[in-house]
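I opened a notebook for this structure and wrote down what I looked up, in the order I looked it up.

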Amino acid sequence: MNTQPSLAATDVARSFGRRVVLRGVTFQAHTGEMIGIVGENGAGKTTLLRIVAGLLPASRGHVEVRGRLGYCPQEPQVHTALTVAQNLEWFAAAYGMARTAPADALMERLGFERYRHVLVRDLSGGTRQKLNLTLAVMHAPAILLLDEPYQGFDWETYQRFWALAEESRRAGQTIVVISHLFYELARFDRVLRLRDGVLTADLSA
Amino acid sequence: MISQFWATFRLSLVEQKHNRFAIALLLVYLPAWFAIIAALSAGTIEFKLRAFGITVITSQLRLSLLTGMLNATTLIMGFVGLSVMRQSEAVDQRLVLCGHSRGALLLGRLVALGLVSLAVAAYATSMVSLFFPVRDFAEVAAGTFVAVAAYVAIGMLAGVVLPGDLEGFFFIIMLSLVDTFMQNPIGSAAANHRVVEFFPSYLPMQMVVAGALTSRAAWWQFWAGLGWAAGFGLLGLAAFWYRTRTARTAGNARVSARTFAG
């Protein structure tokens, strides 16, 4: 494992008015490492991931990122008045990709290629989530941040998701997954608990 | 940057093509509204064209059609501006996070909405032309475009500033009703009063009446009328710029370090 972390959050704090959500979170993730962050509803998991992704400024602290990021938000953030293919095209332009071929392969892996020309507003919640995930990983980022990524997935898609994640990790991708519960702790290199605004135990140890 | 502009421009147009409700309103509501006006209007009415210092005497039917056109198109396109902002805010921010240029995103959306406004203005003028021959199609369409563009900008601003869809809808409905009602001397005693000059549809109304009923044109009204669109548009764009900001742009990051000093 490299000594230089690909992702390092140091003493990250965030308040919303008087409500303190994060009190000083510190963690590092290395190349090829899969980290889980678990916490109850409202523990600040999404806030932490949004800060790490760069969507939200922290009140205090420091985040270092080495490499391209991929971020999968909890709620699918997609253009509902466009088709799946048109969403892929728009995000490919954002990533500076000439083609959407990598996304096509992911659609096949996740089993929703037949919805390519269907408007997103006509898709089921699970299929929207597959698109949401595909948009986050289609540019093969070095670091992948996933916020409750398998919400709405059926069992088969859930298994495909983990197969894909495992493959990506073996290829050197750093993956951070946050969830309010994890069924399979063994899949992670480390599982950290976010409670009262600070990260505590490594549950996988 | 250019490829991102084209992607935004093209896909924004596609988004509008899928806006079935707005299209249905334009295709069904507008002609139905005009037919009702045609069935119920009778008599004559005076309307003051201030740019030329003249008062035209015309049928209530013609003036009601022109007022009805402005009212309907500003409402529909105000809602379009509102829904673009409400529905795309989170995903636009995500696109920016993924490396999309905010400038290209803004410009692409703006040009697409401008083109849609132009098409709506031309369509609405064609509809009016079915009921009576307008003297100068281009002038009427240009006046309608100015009103529509102002309400698209108002809708966009409402979409960013107001807390919910309902608040936005009510704001646009009330503003458009008051604004276009005030310009119409059939219903409003204040229509020929100077107070109406301070409403967004004042110059468009002056333009469409002059274009439809006379051979006179004051094109400065077009440019001055665009001032409303530009003013609201700039406020909306500033709000959009602020709302799509990210702490950094993830897609382009190689090595980045962020320090938050509080």
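Entry 1. I looked at how helix 2 (residues 20–40) of chain B packs on helix 3 (residues 60–97) of chain B in this predicted model. The angle is about 160 degrees, and the axes lie 10 Å apart. Angles over 145 degrees count as roughly antiparallel, and helix 2 of chain B and helix 3 of chain B are therefore roughly antiparallel to each other. I noted the crossing of these two helices as right-handed.

Entry 2. Which residues meet between helix 2 of chain B and helix 3 of chain B? From helix 2 of chain B I listed B:Ala22, B:Leu25, B:Leu26, B:Tyr29, B:Leu30, B:Trp33, B:Phe34, B:Ile37 and B:Ala38. From helix 3 of chain B I listed B:Leu61, B:Ser64, B:Leu65, B:Gly68, B:Ala72, B:Ile76, B:Phe79 and B:Val80. Sorted by class, the residues of this contact are 15 nonpolar and 2 polar, with no charged residue. As a reminder to myself: an α-helix has 3.6 residues a turn, so residues three or four places apart point the same way.

Entry 3. I then turned to helix 2 of chain B and helix 4 (residues 102–129) of chain B. Their axes come within 10 Å and cross at roughly 35 degrees. This crossing is right-handed. On helix 2 of chain B the contact uses B:Leu26, B:Leu30, B:Pro31 and B:Phe34. They meet B:Val120, B:Tyr123, B:Ala124 and B:Met127 in helix 4 of chain B. I counted this contact by class as 8 nonpolar, no polar and no charged residues.

Entry 4. I stepped back to chain B as a whole. How many helices and strands does chain B have? I found 8 helices and 3 strands. Along the sequence they follow the pattern α-α-β-β-α-α-α-α-α-α-β. The C-alpha trace of chain B spans about 75 × 35 × 30 Å along its principal axes.

Entry 5. I looked up where the chains touch. In this contact, 34 residues of chain A face 32 residues of chain B. Strand 4 (60–66), strand 5 (69–72) and helix 2 (84–95) of chain A each supply at least two residues of the chain A side. That side divides into 19 nonpolar, 10 polar and 5 charged residues.

Entry 6. Last, I checked helix 5 (residues 155–170) of chain A. Its 16 residues reach 23 Å from first C-alpha to last, close to the 22 Å expected at 1.5 Å a residue. Just after this helix, A:Gly172 takes a positive phi of about 105 degrees.

Notes: Residues numbered from 1 in each chain as written. Chains lettered and ligands numbered in written order. Predicted model: local features only at pLDDT ≥ 70, side-chain atom pairs only at ≥ 80, totals over all residues. Axes fitted to C-alpha atoms, helices over the stretch in contact; angles between N-to-C directions. Helix = DSSP H or I, 4+ residues; strand = E, 2+ residues; numbered from the N terminus. Parallel < 35°, antiparallel > 145°, perpendicular 65-115°, else oblique. Left-handed = near helix turned anticlockwise from the far one by under 90°. Contact = placed C-beta atoms within 7 Å. Nonpolar A, V, L, I, M, F, W, Y, C, P; charged D, E, K, R; others polar. Expected span 1.5 Å × (residues − 1).
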